Amino acid sequence: MVMKARTVSRHFRESFKSLVRNGWMTFASVSAVTVTLLLVGVFTALMLNMNKAATDIENDVEMNVYIEIEAEQETIQSLEDEISDLSGVESVVYSSKEEELTSLIDSFGEEMALFEQNNPLRDKFIVKATDPRQTERLATQIQTYENIAAVEYGKGKIDQLFETLEISRNVGAVLIFGLLFTAMFLISNTIKITIVARRKEIEIMKLVGASNWFVRIPFLLEGIWLGLIGAILPIAAVSVLYYNVYEFMQPRLENSFIQILEFTPFIYQINALILLMGILIGAWGSFMSVRKFLRV
Amino acid sequence: MIQMKQVYKKYSNGVMAANGLNVTINPGEFVYVVGPSGAGKTTFIKMMYREEKPTKGSILVNNVDVGPLKRKRVPFLRRNIGVVFQDFKLLNRLTVFENVAFALEVIEEPPKIIKDRVMEVLDLVGLKHKARMMPDELSGGEQQRISIARSIANRPKIVIADEPTGNLDPETSWEIMNLFEEINSRGTTIVMATHNREIVNTIRHRVIAIENGLIVRDEQRGEYGYEG
């Protein structure tokens, strides 16, 4: 159905009028949306950052493969090839004991320099698995090779970490879903109340031959406005909040392998999400409540 | 214009409101529908503009069977039928003018045409000078006249009225009846359910008496009354 421009403008006018006319109901709906979107926004920001941290941690799982001191240079070379050829190995980086000592001195200071006389460290490979979950299997396998002194990785702890991450991700997803559902229910109910008040109007519209869409669109628009207005405060709050958290955390995490999500693309993404959620729950809420009254 | 063939209507609570209705109403006719409360008068009327759907049988309105009509097409059926109710069904937040214009707005008429036509029908019902007033500032009879103006605004071929004088005092009822007569004289078919014996017996028209979902009497220039 192609709608005339005049009709479109009428629908817009009607939807705004209704917002004003139902002042308190509008306020109630907007408040419901605001609270929900605020919670959803904060939760989503937390969740995504947790996810990011989880990925950072996952990606950082690597094992140190220490080589026997006696091993010859060629042996080391062939060992490196051998490990690289293993399926599931992403990278093998060789680090000689001299390099190890240098990085030790770098991080712990000049007093470590006295080990330069008699370096107690071993040459090692830093091995990374394509899938961090494969770390344990690879470690066991590499352990059996000759000239390997030891394989070290956070055994046990890693499994536990994965489990914890998995659980917290699921819990977060359920929470967000629950919140969104509650919001839709609230909006649907508030709009229903404004519609009950306008039942007669809908009935008359239907009796004089208005099409279903003609009746529905102003309510749909009204729902969208409610969602949009309700999204303003959460967007502002989440932006300010995240800005401060980011400013606080960023310098402190600078040297850590865990990073907080960058402010600029992230804040746009999450704000777009909040806006979209607002529109969706508003539109859906009103759509559901008008449906019942259209069967005249 | 309106033709019912073997129409049955059974409500979900088991009530049979139509038990095989057969009737033909010709263009330009004025028909009273009489009968005791609960006899099926309102169902008979409601099925014509598809507020109720027959369980069985066919109802032709302007040669279209309205029974199997898709929900999407129902608005177009209603644009050819004006409806008037006992309780007026006016919107109290709109002015008299806006109430009548409403019927033309929803069918997307241009504003200029709406304005002219609304003033034209308000003039016809004699309330042009009250166009800017609110419905609750008017008397019952005036409100009913507004609702009649609204029902004929888009020039329907049929006007259906369900006890239009039910809430009005006798004198006002006559005024309303004169208005219906006037509309009928311009060629519009009128189907009116009523309990008003005096009106039926004075302004003589075809009378269809319904009882227990059946037409028990159908008389040209008939009198008020039904068996039982």
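In the predicted model, strand β1 (residues 2–10) of chain B is paired in the antiparallel sense with strand β4 (residues 56–61) of chain B, the two being joined over 5 bridges. Within this pairing, Q3(B) is placed opposite L60(B) in β4(B), and K5(B) is placed opposite S58(B) in β4(B). Strand β4(B) also runs antiparallel to strand β5 (residues 64–65) of chain B, to which 2 bridges join it. Here V61(B) stands opposite V64(B) in β5(B).

At the level of domains, chain B is assigned a domain 1 consisting of residues 1–80 + 158–228 and a domain 2 consisting of residues 87–155. The C-alpha centres of domain 1 of chain B and domain 2 of chain B are 24 Å apart. Contacts between the two involve 11 residues of domain 1 of chain B and 11 residues of domain 2 of chain B. On the side of domain 1 of chain B that touches domain 2 of chain B, the largest share, 5 residues, is supplied by helix α6 (residues 170–185) of chain B. By residue class, that side of domain 1 of chain B comprises 6 nonpolar, 3 polar and 2 charged residues.

Two further backbone features of chain B concern residues that are not glycines. F88(B) has a positive phi of about 65 degrees although it is not a glycine, and its place is in the loop between β6 (81–85) and α3 of chain B. F88(B) is buried, because 20 other C-beta atoms lie within 10 Å, and 20 or more is the criterion for a buried residue. E108(B), likewise not a glycine, has a positive phi of about 60 degrees and is located in the loop between α3 and α4 (111–124) of chain B. E108(B) has 15 C-beta neighbours inside 10 Å and therefore counts as partly exposed. Most residues other than glycine have a negative phi.

Chain A contains 9 helices and 4 strands. Along the sequence, these elements of chain A follow the pattern α-α-β-α-β-α-β-α-β-α-α-α-α. The radius of gyration of chain A is 30 Å, well over the 19 Å given by the globule rule for 296 residues, so chain A is more spread out than a compact globule. The C-alpha trace of chain A spans about 95 × 40 × 35 Å along its principal axes. Of the 296 residues in chain A, 26% are buried. When contacts in chain A between residues at least 6 apart in sequence are considered, 85% join residues at least 24 apart.

The domain division of chain A gives domain 1 (5–57 + 160–293) and domain 2 (62–153). The centres of domain 1 of chain A and domain 2 of chain A, taken over C-alpha atoms, are separated by 51 Å.

The two chains meet in an interface in which 14 residues of chain B are in contact with 14 residues of chain A. On the side of chain B that touches chain A, α2 (74–78) and α3 (96–105) of chain B each contribute at least two residues. This side of chain B is made up of 8 nonpolar and 6 charged residues, with no polar residues. From chain A, helix α7 (residues 199–207) has I204(A), M205(A), K206(A) and L207(A) as its buried residues. The buried residues of α7(A) pack against α8 (212–252) of chain A and also against α2 and β6 of chain B. Following α7(A) is G209(A), which has a positive phi near 95 degrees.

Notes. Residues are numbered from 1 along each chain as its sequence is written. Chains are lettered from A and ligands numbered from 1 in the order in which they are written. This is a predicted model: local features need pLDDT of at least 70, side-chain atom pairs count only at pLDDT 80 or more; totals for chains, interfaces and linings use all residues. Domain bounds come from an automatic or database domain assignment. Two residues are in contact if their C-beta atoms, placed from the backbone, lie within 7 Å. Ala, Val, Leu, Ile, Met, Phe, Trp, Tyr, Cys and Pro count as nonpolar, Asp, Glu, Lys and Arg as charged, and the others, Gly among them, as polar. A residue is buried if 20 or more other C-beta atoms lie within 10 Å of its own, exposed if 12 or fewer, and partly exposed in between; C-beta atoms are placed from the backbone. Two strands pair if DSSP finds at least two bridges between them. The radius of gyration is taken over C-alpha atoms; the globule rule is 2.2 Å times the number of residues to the power 0.38.
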